[in-house]
Amino acid sequence: MTDIDWNKKWEKDMLEASVRRYDTDIAGCWNKRAKGYMDALCFEEPTIEKILSMIIHAASDTILDIGCGPGTLTIPLAKTSRSVTALDAADQMLDFLQERAKAERITNIASVNALWEDAVVIPHDIVVAYQCLIMPDMHSALEKMDSLAKKHVYLFRFANRRTHLRNLWELLCNEPYRSNPDYIYIVNILHQMGIFADVKIFDHTSVAVYDSVGQAILSVKSNLGPLAEGQDSYAIIGKYLEKHLEKDPVTGKLLLPSTNKMAMIDWTKAI
């Protein structure tokens, strides 16, 4: 393992991943997904509760939530801590977060609209990064997280990724699907930095939410990019979704759940 430069391998494998969503306009990419993330919150409550139970903190702690989205963890963490700094590159994610905070009269959240690489923030007791570890220079990103944590760092990254997007790629394309780098790269980069993190693997369910089959097809097509421009792609995607979409009996929304393995990578700072 010591013969491999895991940071260079991370960067190479990220760039060569089949769905290259993260090497262009990151803010624009996640702004397009902001409403979908917001709509999914009420259907992902069990998953969110599981994640929150793993982030150990005191009521007096300050927390930095990197890649906060619409406040998935920010809002509940703000209720159980001194304050939360919510950081995201997508301003529409932060708009949803601020609307939620205002509706619940939560006043101890500060928002920072920036890429992690460019963000200027002060040290916090706890640093959290949930499903946002896509920085091309992961060594520098992790080094910055470690330097800004006074007590503990909690990172969450997928351990296996058999997603619907991957299944559709294999239906639409003859070439093998190449996934984005998983959690083990991060563990190995940390090891080469001299940080020996704990790792816990657990089941993780996410849900995509749609108003109609047509909306679901268009959303999936946008994620697949040029691959989904073929003549038969609409029919292939539609047939796949008809088998996997579930109708919520209360809201009437169409749900596309996906269960995979997630890794929590965490370490305590030396005092």
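Visitor: How far is the sulfur of Cys-132 from the closest cysteine sulfur?
Guide: This is a predicted model, in which local features need pLDDT of at least 70, side-chain atom pairs count only at pLDDT 80 or more, and totals for chains, interfaces and linings use all residues. Residues are numbered from 1 along each chain as its sequence is written, and side-chain values use heavy atoms, leaving out hydrogens and water. A disulfide is a pair of cysteine sulfur atoms within 2.5 Å. The closest sulfur to that of Cys-132 belongs to Cys-68, and the separation is too far for a bond, at 9.0 Å.

Visitor: Is Cys-68 buried or exposed?
Guide: A residue is buried under 20% relative accessible area, exposed over 50% and partly exposed in between, using a 1.4 Å probe and protein chains only. Cys-132, at 13% relative accessibility, counts as buried. Cys-68 has a relative accessible area of 3%, so Cys-68 is buried.

Visitor: How far apart are the end C-alpha atoms of helix α10?
Guide: Helices (H or I, at least four residues) and strands (E, at least two) are DSSP runs, numbered from the N terminus. The expected span of a helix is 1.5 Å times one less than its number of residues. For the 12 residues of α10, residues 213–224, this should be 16 Å, and the end C-alpha atoms agree with it, being apart by 17 Å.

Visitor: What arc do the buried residues of α10 cover around the axis?
Guide: The buried residues of α10 are Ala-216, Ile-217, Val-220, Lys-221 and Leu-224. The arc is taken from the directions from the helix axis to the C-beta atoms. These residues lie on the same side of α10 because they cover an arc of only 130°.

Visitor: Which exposed residues are on the face of α10 turned away from its buried side?
Guide: The buried side is covered by elements including α8 (164–172), β6 (198–210) and α11 (233–244). Turned away from that side, the face of α10 carries the exposed residues Leu-218 and Ser-222.

Visitor: At about what angle do α8 and α10 pack?
Guide: Axes are lines fitted to C-alpha atoms, for helices over the stretch in contact, and angles run from 0 to 180 degrees between N-to-C directions. Angles under 35 degrees count as roughly parallel, over 145 as roughly antiparallel, 65 to 115 as roughly perpendicular and the rest as oblique. The axes of α8 and α10 are 11 Å apart, and the two helices pack at about 75°. That makes α8, relative to α10, roughly perpendicular.

Visitor: Which residues of α10 make the contact with α8?
Guide: Contact means heavy atoms within 4.5 Å. On the α8 side it is made by Leu-165, Leu-168, Trp-169 and Leu-172, and on the α10 side by Val-220, Asn-223 and Leu-224.

Visitor: What do the buried residues of α11 pack against?
Guide: The buried residues of α11 are Ser-233, Ile-237, Gly-238, Tyr-240 and Leu-241. Their arc around the axis is only 165°, which puts them on the same side of α11. The face turned away carries the exposed residues Ala-235, Lys-239, Glu-242 and Lys-243. The buried residues pack against α8, α10 and β8 (254–268).

Visitor: What is the relative accessibility of Arg-105?
Guide: Arg-105 is in the loop between α6 (91–103) and β3 (109–113). Its phi is near 55°, a positive value in a residue other than glycine. Arg-105 counts as exposed, with a relative accessibility of 77%.

Visitor: Which residues does Asp-146 contact beyond its neighbours within four places in sequence?
Guide: Asp-146 is in helix α7 and is buried, with a relative accessible area of 18%. Leaving those neighbours aside, the contacts of Asp-146 are Val-153, Ile-195, Trp-267 and Lys-269.
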